[in-house]
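Hi there,

Here is the structure I promised to pass on, with some notes on its pockets and cavities. Have a look at it first, and then read on.

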Amino acid sequence: MKFWKLTIVALALLAGWAVAQQRPRVVIPTGSTGGVFFFYGQAVAKILSEAGVADATAQQTGGSYDNLLLLRDRTDPASRTYYCALATTDSALVTYTGEEPRFAQRKADMQRIMFYMYPSLIHIVTTEKSGIRFVGDLRGKRVSTGQPGSSTENLALLVLKGAGVDPREFAKRERLPAAESAKALSEGTIDAYFWVGGVPTSSVVELAQSLARKGDQIKLVDSPRTGPTAQLLLKEFPGIITTGRLPKSAYGTKDDVFALFTGNVFLCPASMPDDLAAAIMKAVFGNLQTLVTATAAARDTTLKNTVDLYNQKTVIPFHPGAIKYLREVGAIR
């Protein structure tokens, strides 16, 4: 009898040891097939699995908000399963604070920044003939602010807030996706629209060509760093909005554009062990060329860009494991 009891105890201990030796599971929600998030997430999952850091898989989703919902709801430390989200910085912010309606009852305040991925341009698209030059000129105009609940709409509202413009001051407000907005501007049913995405965006390129055939020219609204809109946004939303110059060659605009950008970040839950988070950082930054081969946008995934974001003291904290790695490689003190 004692022998069987001892055998059962031994087997139980062995089973517990085996579970402990299993690699953690990391799931990376991405975005729609063909988008940058999709290819980026697939590449990161492959890097982590091949480096032996975790059993990592990528999961196709609708994008940032879906990804953050999964990070919040599906992470299970008890089974060593962690969902790490690809997200725009603005969607990360409003889900962290609960300003996004879908997160009002339960915030995603367990998200932690791991590293910076790449920037997306906040396109404010109009035409040369419209007379619109700055964000304040949108008053009294017909404007599309993007799909309801989208990252584009959230950022459009942040930009308008920074400029002191209330959407109720528009002659008409539309809430159209990128391609539909471009079509409406080409047909003259709106005067301007917001779109957040990588450069170049095909629908914007096609719009520029369409306008040129009609004797007009595409115009992207300026937001110079020294201007009031950019200054207010940089102060109120550190790490969320940045400024830069978009060359006129990008879309065939008359001049270079002083533009606003948002970042894209890789986020993991606070419950992820620090050693695992540090190992993820080491694997990713040790295989950046693999990432760039998967998607050119990853050329902006650099230690410098991540450190720059860290130094901006963002509302969303960095994961302690990410900080540990950055200190180990001498990127921060």
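A word on classes before the notes: Ala, Val, Leu, Ile, Met, Phe, Trp, Tyr, Cys and Pro count as nonpolar, Asp, Glu, Lys and Arg as charged, and the others, Gly among them, as polar. With that rule, the lining of the largest pocket splits into 17 nonpolar, 20 polar and four charged residues. Please keep in mind that this is a predicted model.

The largest pocket holds about 1100 Å³ of space. Its lining is made of 41 residues, and those closest to the pocket centre are Ser120, Trp195, Val196, Gly197 and Gly198. Several elements each give at least two residues to this lining: helices H2 (36-50), H3 (64-74) and H5 (151-163), together with strands E5 (111-127), E8 (192-197) and E11 (257-269). Domain 1 (25-118 + 265-329) and domain 2 (120-262) each contribute at least three residues to the lining of the largest pocket.

Around the largest cavity you will find Leu121, Ile122, His123, Ile124, Leu220, Val221, Ser223, Val257, Phe258, Ala259 and Leu260. Strands E5 and E11 are the elements that supply two or more of these lining residues. By class, the cavity lining has nine nonpolar and two polar residues, with no charged ones.

Definitions and conventions:
Residues are numbered from 1 along each chain as its sequence is written. This is a predicted model: local features need pLDDT of at least 70, side-chain atom pairs count only at pLDDT 80 or more; totals for chains, interfaces and linings use all residues. Side-chain values use heavy atoms; hydrogens and water are left out. On a 1 Å grid over the protein atoms alone, a cavity is a set of points where a 1.4 Å probe fits but cannot get out, and a pocket is an open set with protein on both sides within 12 Å along at least five of seven lines; lining residues have an atom within 4 Å of a point. Grid points are joined across faces, edges and corners, and a volume is the space filled by probe spheres set on the points. Helices (H or I, at least four residues) and strands (E, at least two) are DSSP runs, numbered from the N terminus. Domain bounds come from an automatic or database domain assignment.
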